[in-house]
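Please keep the sequence and the 3D view open while reading.

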Amino acid sequence: MPKRSKEDTEITIQTIMDAVIDQILTLGYDKMSYTTLSNQTGISRTGISHHFPKKQDFAHALDGRIYQLFVDKLDLTNDLVAFSASWSVALDDEKFRAILRLLFHHISSAETSHEFAHRGIERLFTLCEQRYGQQSIDELERLLGRSLIRLAR
């Protein structure tokens with residue numbers, strides 16, 4: 001079998017990643033599997049696992065894209081009150097909640113907290129503190145707690 005070109009490999013990885021984003025946001029991380037990804041992309045489960053041996057590898061590879069999808073739902077141009085209000089509105093958005101589920105899943109995984117979750121939380125706290133000052137830390141903690149309660153319903 002001839003070796004695949006670098007471009008073909010990149011296209012395959014991008015196809016997988018697009019499907020992962022779609023499935024995380026529609027099915028949820030827990031329901032996404034190598035089988036569902038294979039069915040959506042037409043790439044064999046073995047082909048997918050060749051690029052992403054563990055399910056956690058998807059979250060790591062998508063780190064920047066997931067974070068951007070998340071913060072795009074938030075008002076980061078006005079004050080802390082507007083930010084907090086936008087978070088409350090975003091909690092009604094299924095895709096926003098799907099990203100929160102992914103983040104909380106990786107924070108509370110039985111083994112160790114995945115670097116993806118740690119980086120995401122740290123970036124969010126840093127972003128809030130830079131934009132709104134130290135008082136935003138307590139507000140962000142409150143919002144994350146409210147989010148967890150909302151997801152538990």
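How many aromatic pairs does a search of the whole structure find?

## Aromatic pairs

The search finds seven aromatic pairs, where rings of Phe, Tyr and Trp (its six-membered ring) pair if their centres lie within 6.5 Å, and planes under 30 degrees apart count as stacked, over 60 as edge-to-face and the rest as tilted. In one of them, Tyr34 and Phe58, the ring centres are 5.7 Å apart and the planes meet at 50°, so this pair is tilted. It links distant parts of the chain, with Tyr34 in helix H2 (residues 34-41) and Phe58 in helix H4 (residues 56-71), 24 residues apart. Helices (H or I, at least four residues) and strands (E, at least two) are here DSSP runs, numbered from the N terminus. Phe58 is buried, with a relative accessible area of 1%; buried means under 20% relative accessible area, exposed over 50%, and partly exposed in between, using a 1.4 Å probe and protein chains only.

The rings of Phe83 and Trp87 have centres 6.0 Å apart and planes at 65°, so they form an edge-to-face pair. These two residues are four apart in helix H5 (residues 80-90), which means about one helical turn separates them. Phe83 is buried at a relative accessible area of 0%, and Trp87 is buried at 0% as well. Phe70, Phe83, Trp87, Phe96 and Tyr132 form one aromatic cluster.

## Basis of the model

The model is predicted: local features need pLDDT of at least 70 and side-chain atom pairs count only at pLDDT 80 or more, whereas totals for chains, interfaces and linings use all residues. Residues are numbered from 1 along each chain as its sequence is written, and side-chain values use heavy atoms, with hydrogens and water left out.

## Helix H5 and its partner H8

Which residues of H5 are buried? They are Leu80, Ala82, Phe83, Ser84, Ser86, Trp87 and Ala90, and they pack against H4, helix H6 (94-107), helix H7 (115-132) and H8. H5 and helix H8 (residues 135-152) pack at an angle of about 10°, with their axes 11 Å apart; the axes are lines fitted to C-alpha atoms, for helices over the stretch in contact, and angles run from 0 to 180 degrees between N-to-C directions. That makes H5 roughly parallel to H8, given that angles under 35 degrees count as roughly parallel, over 145 as roughly antiparallel, 65 to 115 as roughly perpendicular and the rest as oblique.

From H5, Leu80, Phe83, Ser84, Trp87 and Ser88 meet residues of H8 that include Gln135, Glu139, Arg142 and Arg146, where contact means heavy atoms within 4.5 Å. Ser84, in H5, counts as buried at 11% relative accessibility. Leaving aside residues up to four places away in sequence, Ser84 touches Glu139, Arg142 and Leu143. Its side chain makes a polar contact of 3.2 Å with the side chain of Arg142; a polar contact is a pair of N or O atoms within 3.5 Å, of which, within protein, one must be able to donate a hydrogen and the other to accept it, and residues adjacent in sequence count only if both atoms are side-chain atoms.

Arg146, in H8, counts as partly exposed at 33% relative accessibility. A polar contact of 2.9 Å joins the side chains of Arg146 and Ser88, and the C-alpha atoms of these residues, 58 residues apart along the chain, are separated by 8.9 Å.

## The whole protein

The protein has eight helices and zero strands, and its C-alpha trace spans about 60 × 30 × 30 Å along its principal axes. Of its 153 residues, 42% count as buried. Among contacts with a separation of 6 or more, 59% come from residues 24 or more positions apart.
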